[in-house]
Each structure stands twice: as structure tokens, then as C-alpha cells.
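Could you walk me through this structure, one piece at a time? I'd like to know what packs against what.

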Amino acid sequence: MKILLVEDELELAQSISDYLKKNEKINCDVAHDLYKASELTELYDYDCFIVDVGLPDGSGLELIKTIKSKDSKAGVIIISARDSIDDRISGLNIGADDYLIKPFHFSELNARIHSLMRRLKFEGNTIFQLNEISIDSQSREVKIKNEAIDLTKSEYDLLFYLLTNKNQVISKTSIAEHLVGEFVDALGSLDFVYLHIKNLRKKLIQAGCTDYIKTVYGVGYKFYIE
Amino acid sequence: MRLLSKTTLLIITVSIFIFMFGNIAFFYISKGMIKKHIDTELVSQMHNVIGQIKKDEALFNITKFSDEVSIKAVHPDIAQPPTFSDTVLFSTIQNIYIPHRALKFSYQSKSRNQIITIHKSLLSSDKLIERITISSIVMVMVFIIMIYIMNRFIFVNVWSNFFSSLETIANHDIKSHEKIFFENSEIEEFNKLNSVLLKMVDRIQTDYQSLKELTANTSHEIQTPLAIIRGKAEMLLQSENLSENDMEQVFSILNTSERLSKLNQSLLLITKIENNQFEDSQELNLKNVIEKHLNNFEMLFEAGEFKLTSQLDSTKIHINPVLLDILITNLLNNALAHGQKTKNITIKLKNSAFTISNNGKALEFPHEQLFTRFIKGNKNKNSNGLGLEIVKKICAYYSIPILYSYVKSQHNFTIDFNQISN
């Protein structure tokens with residue numbers, strides 16, 4: 001999967017691309033301004049664009065318009081510090097697929113990219129297989145060794161989040177925010193994350209699944225899979 | 001006390017005192033003057049009587065010279081110099097005692113010595129004094145009423161500019177960019193006051209604006225470095241070589257920077273609300289929005305062992321969707337942060353009024369400060385103390401009232417959406 005990250009803040013861009021590249025299937029290019037981004041867009045085909053709105057030589061929204069005018073099937077995720085509704089609406093109106101407010105958890109961005117790619121690419125085939133786990137992101141059905149297991153909505157979200165960020169340390173705060181959404185001030189009560197992990201782990205093990213979920217003491221969790 | 005009442009009261013008190021003493025003095029002075037006048041009359045009558053006796057000694061035989069003059073023969077050795085005295089005589093006609101002024105003197109004629117007493121009734125002069133006093137009291141009263149009316153009249157005329165300035169300054173919103181304008185006055189002092197006020201308000205307004213801009217700019221500029229710190233910390237977490245202890249340290253950095261960026265976002269949000277940057281509003285069903293958020297909060301309520309009871313009526317309101325989301329979630333966050341475990345959180349939406357209640361200890365600070373920036377009830381390190389201020393700002397933005405009450409160890413927040421509902 002080829003991704004173009006358009007972000008003017010060098011340090012931040014570097015960290016994001018480093019994080020994304022940890023996933024062996026992702027190839028991430030970085031552009032720091034509109035000019036370079038347009039150039040790269042001309043040269044290569046990307047599956048997904050991650051675009052910052054405020055760029056030194058113009059608005060990222062311009063780039064999105066260009067991409068979409070080329071009838072590209074690529075997904076577009078806007079990242080912007082400006083959380084005003086205008087930006088969000090105009091971004092989504094010109095064809096962006098998702099919107100992420102800066103600052104965000106890299107694991108959240110990763111999960112968004114994966115679910116977007118799944119939505120765009122695997123039309124019809126939405127099954128996602130990892131060892132004995134198989135997830136149908138369309139019907140939200142989870143099977144362990146071909147046996148369907150019954151998960152609640154938040155347990156499903158949690159599993160999907162862990163899987164898309166597999167082999168990465170995922171902080172409990174990022175899990176909390178992923179589960180309850182941007183508005184909830186979940187930092188004060190992270191117990192529910194533990195509760196949900198416990199329930200999910202129990203259901204997976206009961207279905208005969210290997211216990212992939214490792215606790216990273218004091219920090220969060222890691223879905224460890226070879 | 002109002003300025004008018006205060007000045008009127010003062011003027012009336014002072015004039016009552018002045019007139020009271022004036023009247024008393026007037027009473028005694030006129031009484032003294034009348035006495036003097038009567039005394040001169042008595043003396044002239046004395047000469048008159050003496051003159052008449054000199055002419056006609058036979059008059060001595062009459063003991064009563066007239067009603068007012070009585071003559072008594074005495075031993076030739078007794079000499080009486082003319083003496084004034086006050087006496088009371090019984091009037092057989094009116095059957096009352098009447099105050100009199102008397103002049104007693106002796107007169108030695110060729111043949112005999114006698115003491116002559118001349119009386120003059122004071123009745124008419126006392127009556128006169130009484131009348132004068134009464135009429136002067138009446139005059140004083142009329143005068144005081146006149147002063148009262150005059151004071152009002154002068155007051156309204158002289159102070160009108162002052163009051164219009166006061167009104168202007170009371171209605172002026174420091175937060176607005178509008179310049180304040182005072183009416184010109186004929187009175188120099190008021191013009192001076194206005195110019196001083198104008199300067200002050202201008203100063204406060206520019207200070208306020210620059211402070212606000214500073215907050216906004218700082219918050220905005222801090223966002224990027226914060227995001228970088230967060231990113232680096234998050235990357236560091238992925239490092240294979242960290243010990244458990246190092247991981248915790250890094251996580252702590254990550255968490256702290258997250259808190260800082262939340263704080264920052266809240267400050268930016270407040271600035272945006274104050275700058276009216278949330279103009280577009282939509283018709284929304286409040287019930288649906290609340291239910292959507294309750295859904296998100298459900299697992300937090302469960303984890304906190306809260307018992308959530310909600311009773312929601314369908315209510316359509318016109319509001320900016322982002323602000324509504326923030327309003328509802330901030331109140332829910334507040335209930336979640338300060339509610340007592342295993343206790344009820346109650347949410348009601350009835351007749352356009354939204355109430356959220358949670359159990360908890362009484363506030364440790366005056367409840368007027370509840371909506372103030374950075375006032376925190378508990379030492380919850382994760383709360384940034386801006387949530388309720390934002391709620392208040394949103395309510396103020398739409399001029400919808402928010403009420404807080406503490407009844408039976410329950411904190412209740414009620415927002416009346418009536419003004420923006422259908």
C-alpha cells in the first residue's frame with residue numbers, strides 16, 4: 001500500500017511515516033509542501049493521501065480537489081489542527097474520506113487508514129485473515145478457526161483496533177479515545193479499557209484463539225502476532 | 001440608596017433643623033420685641049397718668065383710674081421706682097386667667113404719696129405670636145415641599161448626562177470591538193468624567209483583546225510542538241529496547257502532552273466561541289443528540305458503576321451542531337468526573353429544559369465560581385477545569401440560561417433551551 005503524507009512539520013511527518021512504515025505492507029512518501037505533493041502525485045499512484053490543511057504554500061484542500069478531479073480511487077484523510085466545523089465540512093464536501101484532528105494517536109491514524117483501505121479496496125471481499133482470526137469488516141463478523149464468536153460492538157472495535165496496530169504498543173489512552181470518541185474525556189477513568197480488554201481476551205481464548213494480547217505494564221497493550 | 005433619594009433626604013433633614021431652630025429663635029425674638037413694645041407703651045402711659053394727675057389732683061380720689069390703671073395711697077416714706085413685672089389677672093368676663101405686663105411706680109404729689117400700677121393684657125400679643133408661629137411653620141412646610149420639587153427638577157436636569165454616561169458604560173460590552181461613545185454635556189466635570197471613562201474603557205478593551213489574542217496565538221503555536229512531542233513519545237513507546245520503567249516514563253510524557261493539548265484545544269475553543277466563530281446553526285432533535293452521546297458514554301458509565309436514568313422528550317432546537325456536541329459531552333464528562341460511584345446520574349429533557357444530576361459532596365468553594373476557569377472541585381489531575389466554563393460560554397453565546405443547584409446531595413445543572421427551540 002502506497003501512502004503520501006503531506007505535512008509541513010518535518011519532525012511530525014517523520015514520526016508519522018516512521019510509525020506507518022512499521023507495518024511492512026505500507027510504503028509512505030512524505031511531502032512538506034503543496035508543490036512537492038503535486039509533483040509526487042503526478043509521478044506516482046498512491047492508494048491513500050494523508051493531507052494537512054494548513055501548508056506553507058497553500059491549502060491542502062486544493063491538493064484534495066486535484067486528486068479527486070483525476071478520478072482517483074485513492075482514499076483521502078485530512079489531518080488538521082483546525083477543528084472548526086467549516087474545515088471539516090468543506091474537506092468532506094470536496095471528497096475527503098475521513099478527518100482527523102491534530103494532535104492524534106498514531107495508532108488511531110493507522111486504524112483509520114486501514115479501515116478506509118478496507119472500505120475502498122476490497123469491494124465485495126471484506127474478509128481479513130490473520131492466523132486463526134478472520135474478520136469480515138462488512139458484516140462485522142469475527143471467526144476463530146472458522147467458528148463465529150459473539151462480540152459486542154465495542155469489543156469488535158477494540159479487536160479491529162488492536163489488529164490494525166498489531167505488534168505495536170498501543171497506549172490505553174489511545175484505546176479509550178478510539179472506543180468512546182473524540183468528545184469523551186476518558187482520561188479520568190481508564191478502567192473501562194482494562195475491562196473491555198479482559199472481556200475480549202476471555203472470549204477469544206474460550207474460542208480457542210492464542211492469547212495474542214500482551215499487557216504492557218502501566219502503558220497499554222500490544223497485539224503480538226508473528 | 002439612589003443619588004436623588006440621598007440628596008433629597010439630606011436637604012430635607014438639614015432644612016428641617018434649620019427651620020426648627022429658626023422658628024424657635026423667631027418665637028423668642030418676636031416675643032421679646034412685643035414685650036419691649038408693650039413696655040414702651042406702659043412707660044408712655046405712665047407719663048400720661050402722671051401728667052393727668054398733675055393737672056387734676058382730684059383724680060386721686062378715684063381708686064380706679066381706668067381699667068388698666070389702679071392707684072393706691074401709701075405712706076409718704078415709701079418710694080417705688082418704676083418696675084416692670086409679669087402677672088396673671090383673673091378676668092371676670094372671660095372667666096380665665098390672663099397674662100399681663102404691669103408697671104408699678106410711686107408718685108409723690110403735693111398732698112399725698114401713691115403707688116400707681118398700670119396693667120396691659122398680653123392676650124392679644126400671645127395670640128399674635130401663636131399665629132405668626134403657625135403661619136411660619138406652614139410656610140416652612142410649603143418651602144420644604146418646594147425644595148423637594150426643585151431638587152428633583154434640578155437633579156433631572158443637571159445629572160441627566162451623568163446618568164446617560166452610567167447607562168452607556170453599564171451596557172457596554174468590554175469584549176466587543178465597538179468603541180464606546182458618550183453624549184457631550186454642558187457640564188465640564190461630566191465631560192471630564194466621560195473622557196476619563198473613555199480612556200479607561202479603551203485601555204481595558206485593547207488589553208482584553210491583546211490578552212485574548214495572546215491566548216489564542218499561544219495556544220495555536222503550541223499545538224505543533226506538542227504534536228511533535230506526542231509523536232516522538234509514541235514512537236519511543238514502540239522501541240524494543242526500553243525497560244518496563246522507561247516505558248512508563250515515556251507513557252507519562254505522552255499522557256502529559258496529551259493533557260496539555262486538550263487544555264490548549266479548550267482554550268482555543270473558548271476563544272472561538274467568544275469570537276462568534278460558530279455562526280451556522282441547524283435544526284436538531286436534542287433527544288437524538290443526547291442519545292448519541294449517551295451511547296458513547298455507556299461503557300464509561302458501566303465501568304464507573306453509575307446507574308444512568310434518562311427521560312427524554314423529543315425537542316427540536318436551532319443550534320450549531322459542534323457546540324451542542326461540546327455542551328452535552330462537557331456536562332456528561334462533568335457528571336462522570338464528579339459523580340459518586342454506584343449512585344445515580346439522572347438526565348431529563350422536558351419542556352425544552354435539560355437537566356443532568358449526579359450525586360456528590362457539596363462544593364468546597366462558592367457556587368458562583370463553579371463556571372469559572374480553572375476552578376476544580378477535586379484534585380483530579382486529568383480535569384483541566386475548563387469544561388464548565390465552556391458550557392457557560394456556549395449558553396451565553398445563545399443567551400440560554402443555565403442554573404446550578406445542590407439539593408439532597410445532588411448536583412443539578414439545568415439548561416433551558418426554550419429560547420432556541422421550535
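Contact here means heavy atoms within 4.5 Å. With that in hand, take B:N358, which touches B:A335, B:H338, B:G339, B:N344, B:I345, B:S409, B:Q410 and B:H411, leaving aside residues up to four places away in sequence. B:N358 sits in strand β9 (residues 353-359) of chain B; helices (H or I, at least four residues) and strands (E, at least two) are DSSP runs, numbered from the N terminus. B:N358 counts as buried because its relative accessibility is 2%. Buried means under 20% relative accessible area, exposed over 50%, and partly exposed in between, with a 1.4 Å probe and protein chains only.

A quick word on the ground rules: this is a predicted model, where local features need pLDDT of at least 70 and side-chain atom pairs count only at pLDDT 80 or more, while totals for chains, interfaces and linings use all residues. Residues are numbered from 1 along each chain as its sequence is written, chains are lettered from A and ligands numbered from 1 in the order in which they are written, and side-chain values use heavy atoms, with hydrogens and water left out.

Staying in chain B, look for the open sheet of 4 strands, ordered β1-β4-β3-β2 with antiparallel pairing. Two strands pair if DSSP finds at least two bridges between them. The edges belong to β1 (69-74) and β2 (83-91) of chain B, each with a single partner strand, so one side of each has no neighbour in the sheet. From one strand to the next, the twist averages 30 degrees. Between β2(B) and the antiparallel strand β3 (residues 96-108) of chain B there are 9 bridges, and B:D86 stands opposite B:R101 in β3(B). Lying across β1, β2, β3 and β4 (113-121) of chain B is helix α1 (residues 3-55) of chain B, which runs at about 45 degrees to β3(B). For angles like this, axes are lines fitted to C-alpha atoms, for helices over the stretch in contact, and angles run from 0 to 180 degrees between N-to-C directions.

Next come the other helices of chain B. B:S165 is in helix α2 (residues 123-171) of chain B, and it counts as buried because its relative accessibility is 3%. Not counting residues up to four places away in sequence, B:S165 touches B:F182 and B:N194. Helix α3 (residues 188-237) of chain B and helix α4 (residues 244-274) of chain B have axes that come within 8 Å and cross at roughly 155 degrees. That makes α3(B) roughly antiparallel to α4(B); angles under 35 degrees count as roughly parallel, over 145 as roughly antiparallel, 65 to 115 as roughly perpendicular and the rest as oblique.

Helix α7 (residues 172-180) of chain A packs against helix α8 (residues 191-206) of chain A at an angle of about 85 degrees, their axes 9 Å apart. That makes α7(A) roughly perpendicular to α8(A). On the α7(A) side, A:K172, A:I175, A:A176, A:L179 and A:V180 meet A:F192, A:V193 and A:I197 in α8(A).

Last, find the hairpin in chain A. Strand β13 (residues 213-216) of chain A and strand β14 (residues 220-223) of chain A run antiparallel, joined by 4 bridges. A:K214 has A:K222 in β14(A) as its bridge partner. The two strands have 3 residues between them, and A:G218 in the turn has a positive phi of about 75 degrees.
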